[in-house]
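Hello,

Here is the structure I promised to pass on. Have a look, and my notes follow below.

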Amino acid sequence: MFILLLPFLLLLSPPQPASSFTVTTTSAGHAIPFPPFEHLNVKDSIAAATHLRPPASAATTQHIDDNEVTKKPITNNSTVKLHLLHRDRLGFSWHNDHGRRFEARMKRDARRVAGLIRRLSGGGAASYEVADFGAEVVSGMDQGSGEYFVRIGVGSPARSQYMVIDSGSDIVWVQCQPCSQCYHQSDPVFDPAHSASFSGVSCSSSVCERVENSGCHAGRCKYEVSYGDGSYTKGTLAMETLTIGHTVVQNVAIGCGHMNRGMFIGAAGLLGLGGGSMSLVGQLGGQAGEAFSYCLVSRGTGSFGSLEFGRSVLPVGAAWVPLLRNPRAPSFYYIGLSGLGVGGTRVPISEDTFRLTEYGEGGVVMDTGTAVTRLPTTAYVAFRNTFMAETANLPRAPAVSIFDTCYDLNGFVTVRVPTVSFFLSGGPILTLPARNFLIPVDERGTFCFAFAPSPSGLSIIGNIQQEGIQISFDGSSGYVGFGPNVC
């Protein structure tokens with residue numbers, strides 16, 4: 001059994017004497033020491049969150065030059081790597097004011113979570129009926145969607161496009177000409193008429209049968225997908241060539257969206273990385289060994305994250321835990337969680353709180369599209385109360401948005417706060433640095449505990465808590481790895 005002590009926490013924290021470590025014993029009997037407290041730099045955290053960096057240039061975002069592409073397929077022994085960028089790095093933020101960006105992000109997040117809960121509680125994959133597509137959808141020009149982007153090539157010759165990544169979606173799609181309803185994107189809308197490799201999919205194709213909510217018109221397969229935040233895409237299904245890094249992948253089933261609306265501003269479409277057969281991961285299949293890895297770059301940094309495919313990218317030294325599958329929701333990646341810790345002490349919460357039942361209820365989902373981690377209310381209250389008790393010396397601030405535990409850190413340079421931990425099934429403990437759970441919500445120094453209660457038994461580990469940690473998925477062996485690398 002692997003034991004996890006993430007090195008990034010130790011590297012970012014002041015050196016701790018051996019006597020300052022607390023020994024915590026997991027349910028599996030493993031004793032793992034980790035630092036119970038960390039010093040959070042208040043000013044640096046505010047600066048990183050509130051100051052937008054200049055947009056990345058095409059040279060730094062992997063512009064696809066068809067003459068430089070390696071004409072070979074992905075194999076189990078190859079590595080395909082993409083830069084993974086936060087949207088602020090690309091200049092896709094439409095509010096200069098951090099408070100407004102934060103508010104918009106939380107509204108999107110609430111819609112996303114509500115949609116996931118409806119979907120996972122038997123509401124079906126489509127959260128909105130086709131007739132209601134235009135109702136109460138927040139304009140992408142106002143809010144935007146997608147936190148993390150990659151740049152890939154679509155078609156032959158390859159046309160560079162920014163794509164939102166989503167670990168909870170099973171389809172790859174781009175906006176297409178002719179576009180009867182499209183939102184604004186940073187690159188020209190893809191025109192299939194200019195691609196030599198574009199081929200429509202017939203209604204009788206087995207590919208068409210694998211798409212949820214597919215239909216038929218004039219002999220061509222039609223698709224439509226709606227998302228938890230109210231966004232949607234509708235169009236035709238096609239086989240196309242994608243250029244990922246410097247590797248060409250032929251015959252990928254993609255959605256060619258002619259009617260698209262919602263919160264995808266800036267991006268040309270969405271790169272589904274879910275566990276279903278129609279996601280990019282599912283379509284690559286044996287070519288990538290059913291393996292991929294990502295590292296979400298921390299907010300406000302000038303660095304890049306990464307998205308890699310192939311078995312050779314699976315890291316040595318990671319802490320591996322079983323990947324759980326929910327037949328009711330094959331798109332989502334579930335992990336086992338046995339408990340939570342604050343300041344070196346395990347919070348008294350029953351393991352059953354996080355269990356995925358045989359009926360597909362509850363469980364813990366890893367989701368790149370959700371920002372803030374959600375926990376069942378009973379677990380959240382116990383977790384929050386323990387954190388509040390350990391931070392009783394810090395001045396409190398009123399609740400903000402979905403956060404009910406906030407602090408007024410105006411005037412502080414650094415503050416000492418307890419670390420928080422996820423006790424993963426089997427023994428490993430994932431300990432987060434303070435920046436992954438105590439975040440600035442305005443420019444005045446208001447920080448909030450970045451967790452929220454879930455209105456159901458479902459737990460979701462969001463991208464704020466995943467930032468800076470390499471996370472790897474080995475679908476063929478059925479494991480998820482955490483660490484050891486950071487970004």
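D166 counts as buried, because its relative accessibility is 3% (buried means under 20% relative accessible area, with a 1.4 Å probe and protein chains only). Before going on, please note that this is a predicted model, in which local features need pLDDT of at least 70 and side-chain atom pairs count only at pLDDT 80 or more, while totals for chains, interfaces and linings use all residues. Residues are numbered from 1 along each chain as its sequence is written, and side-chain values use heavy atoms, leaving out hydrogens and water.

Back to D166: its place is in strand β6 (residues 159-166), strands being DSSP runs of E with at least two residues, numbered from the N terminus. Its side chain makes a polar contact with the side chain of R112 at 2.8 Å (a pair of N or O atoms within 3.5 Å; within protein, one must be able to donate a hydrogen and the other to accept it, and residues adjacent in sequence count only if both atoms are side-chain atoms).

The unreviewed UniProt entry places the feature "active site" at D166 and D367; such annotations may be inferred rather than shown by experiment. They span 202 residues in sequence, yet no two of their C-alpha atoms are more than 7.5 Å apart, so they gather at one spot.

D367 sits in the loop between β20 (364-366) and β21 (373-376), and at 0% relative accessibility D367 is buried too. The side chain of D367 reaches the backbone nitrogen of G369 at 3.3 Å.

Best wishes

Notes
Helix = DSSP H or I, 4+ residues; strand = E, 2+ residues; numbered from the N terminus. Buried < 20%, exposed > 50% of the residue type's maximum accessible area, 1.4 Å probe, protein only.
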